[in-house]
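Student: I am new to this structure and would like to go through it step by step. Could we look at it together?

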Amino acid sequence: TKYLGAKVNADIDLIDAQGNAFKLADKLGKPLILVLSYYSCDGSCSVINKDLNAQLAEVSGVTPGKDFNVLTVSFDEHDPLETLGVFKDHLKMTENMNGSWTFSTFKNKEDIKPFAEAIGFNYFWSPQDRTFFHPGAFMFLTSEGRLARVLYALNSGPKDIKLAVYDANAGNFKPNDII
């Protein structure tokens, strides 16, 4: 809860699925649902992104692209664009996203850890399990890039997402309002 209101580094450089560079700031200006995942994950990351995709298909009152954007970024410094493409294709995105959901990697691997730490996203690599352990969270950023809400995959619904988008749009973030 101490991270609500924290501002992300909007100048961070990212690379999209087509290999185009952009800044996080390019996705702000309206609320942003941020999902930190890794594309070579054979478990929870696809479940987390599929859950968000399914919930967004049922959200009413707010429109992807018009009222908010979605960004999935890999926190694995070894994720190449090829795994990003396979991961994205595997999700079978719903039509209502209208190009408002971007999948990307960090351009500079040294930006990953400070970015994640700034918003309280903790993860670690387990060599014996050959996997990352991390939360399955949807982080809602305000149009200025402040963390307004955190919802957890498989524990939230379309109404929760709609309310979190409204709160992010209004710039509301109160520690005791975490859903």
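Student: Which backbone oxygen does the side chain of Asn-69 reach, and at what distance?
Tutor: This is a predicted model, in which local features need pLDDT of at least 70 and side-chain atom pairs count only at pLDDT 80 or more, while totals for chains, interfaces and linings use all residues. Residues are numbered from 1 along each chain as its sequence is written, and side-chain values use heavy atoms, with hydrogens and water left out. A polar contact is a pair of N or O atoms within 3.5 Å, where within protein one must be able to donate a hydrogen and the other to accept it, and residues adjacent in sequence count only if both atoms are side-chain atoms. The side chain of Asn-69 reaches the backbone oxygen of Lys-27, at 3.4 Å.

Student: Is Asn-69 buried or exposed, and in which strand does it lie?
Tutor: Buried means under 20% relative accessible area, exposed over 50%, and partly exposed in between, with a 1.4 Å probe and protein chains only. Asn-69 has 12% relative accessibility, so it counts as buried. Helices (H or I, at least four residues) and strands (E, at least two) are DSSP runs numbered from the N terminus, and the strand that holds Asn-69 is β4, residues 69-74.

Student: Which residues does Asn-69 touch, not counting residues up to four places away in sequence?
Tutor: Contact means heavy atoms within 4.5 Å. With residues up to four places away in sequence not counted, Asn-69 touches Lys-27, Lys-30, Pro-31, Leu-32, Ile-33 and Ser-100.

Student: Where is Phe-75, and which residues does it touch?
Tutor: Phe-75 lies in the loop between β4 and α2, and it counts as buried because its relative accessibility is 3%. Its C-alpha atom is separated by 6.0 Å from that of Ile-112, although the two residues are 37 residues apart along the chain. Not counting residues up to four places away in sequence, Phe-75 touches Leu-36, Ser-37, Tyr-38, Ile-112, Phe-121, Tyr-123, Phe-132 and His-134.

Student: Which side chain does a polar contact join to that of Thr-131, and at what distance?
Tutor: Thr-131 has its place in strand β7, residues 131-133, and with 17% relative accessibility it counts as buried. Leaving aside neighbours within four places in sequence, Thr-131 is in contact with Tyr-38, Phe-124, Trp-125 and Ser-126. The polar contact joins the side chain of Thr-131 to that of Tyr-38, at 2.8 Å.

Student: At what angle do helix α1 and helix α2 pack, and how far apart are their axes?
Tutor: Two packed helices are described by the angle between their axes and the distance between the axes. Axes are lines fitted to C-alpha atoms, for helices over the stretch in contact, and angles run from 0 to 180 degrees between N-to-C directions. For α1 (residues 44-58) and α2 (residues 81-91), the angle is about 45° and the axes are 10 Å apart.

Student: Which residues of α1 and α2 meet?
Tutor: On the α1 side there are Cys-45, Ser-46, Asn-49, Lys-50 and Asn-53, and these meet Phe-87, His-90 and Leu-91 in α2.

Student: What is the phi of Leu-154, and is this residue buried or exposed?
Tutor: Most residues other than glycine have a negative phi. Leu-154 is found in the loop between β9 and α4 (158-170), and its phi is near 70°, a positive value in a residue other than glycine. With a relative accessible area of 60%, Leu-154 is exposed.
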